[in-house]
Amino acid sequence: MTGRTPARFTADDYRARMERAVRAAADAGLAGLLVAPGPDLVWLTGYAPPAVTERLTLLVLTPDRDPVLVVPALEAPDAAEAVGAPALTLRDWTDGKDPYAATAALLDTGKRFGVSDNAWALHLLRLQKAVPDSSYASLTEALPMLRAVKDAAELELMAAAGAAADATYEEIRKVPFAGRRESEVGADLADLLRRFGHSQVDFTIVASGPNGANPHHEVGDRVIEHGDMIVLDFGGLKDGYGSDTSRTVHVGEPTDEERRVHDLVREAQEAGFRAVRPGVACQEIDRAARAVIADAGYGEYFIHRTGHGIGVTTHEPPYMIEGEEQPLVPGMCFSVEPGVYLPGRFGVRIEDIVTVTEDGGRRLNDTTREMVMVD
């Protein structure tokens, strides 16, 4: 793989994200945000604690003061090295002191705060006790679009992660399948993702033959046979941003029915992609893909949503599913991945990551969506 190194983020980038988060919280009727270690903290500050422990680490964002990161004293040097640290005030605490009282001093009583989904119940309950009459809402519930719209630098990183997944697919097509266990091919996928720059492998699904009818089969000990249809679905994080792609291959020549179902899913995936444009509700992507499969008589075998958001995690809002009326906005990134799953026989899924542009959509995966035969 060639090309220039994608842009990295600066302290000003993180400062702007925190300011945007405070504004979004106010618009949602929240007095502020409380962000525990996890993807939200990394996205807002660039800081990931060296280890997630029982000691409280919490970013406090409120409109009346600069951002404050409450952090254990033994981890404060690491926090100070984070790229976003210049945009923060670090408030450390030592063992034997009460971090909840220190955090409570930053919060008004009787208010409602957004809390990152990764917060421990232990910390939230103690903080609730320390801040009388406070209440809380999860960020996924209160601010589902907080990380959904990517800026130019983030899109560059997303594209690089997609290209790495594509390179992985091109290489995995060359390995032997028949006579090997699914777990062995899964290990090959993980090795290839790392070879092409992934620091984290989140999943390597290798679902052969009847296992392909289970969308989340992952890998097992089944020996792949000649004549198997195989769903490959893999991804993870490269430079902090996610990849996720699915292709369905066949060992040897497929039957007419297998080819017909594969072509149907490919048409549905294309219909979902073609529906992407600014202002369209997320559910319309699901409707467009699902209609193709339903009209062909396979509707009952498409048993999951058409897509999910992706960014600093491989699954996040928005979701391409019936009932989701959130309009698409340029910079959103999500999967389009219809499938057909015939119990006890085989399954087919085809997935690309797509980003919304000013006048439509752009795929971040470019490998062929045609039927591919493997050995």
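Mentor: Start with Pro318, which lies in strand β11, residues 316-320. Strands here are DSSP runs of E with at least two residues, and helices are runs of H or I with at least four, numbered from the N terminus. A word on the source: this is a predicted model, where local features need pLDDT of at least 70, side-chain atom pairs count only at pLDDT 80 or more, and totals for chains, interfaces and linings use all residues. Residues are numbered from 1 along each chain as its sequence is written, and side-chain values use heavy atoms, with hydrogens and water left out.

Trainee: What kind of peptide bond joins Pro317 and Pro318?

Mentor: A cis one, with omega about 5°. Most peptide bonds are trans.

Trainee: Is Asp133 buried or exposed?

Mentor: Exposed, because its relative accessibility is 70%. The cut-offs are under 20% for buried and over 50% for exposed, with partly exposed in between (1.4 Å probe, protein chains only).

Trainee: And what about phi at Asp239?

Mentor: Positive, about 50°, and Asp239 is not a glycine either. Its place is the loop between β8 (229-238) and β9 (241-251). Asp239 has 34% relative accessibility, so it counts as partly exposed.

Trainee: Changing topic: where is Leu122?

Mentor: In helix α5. Leu122 counts as partly exposed because its relative accessibility is 35%.
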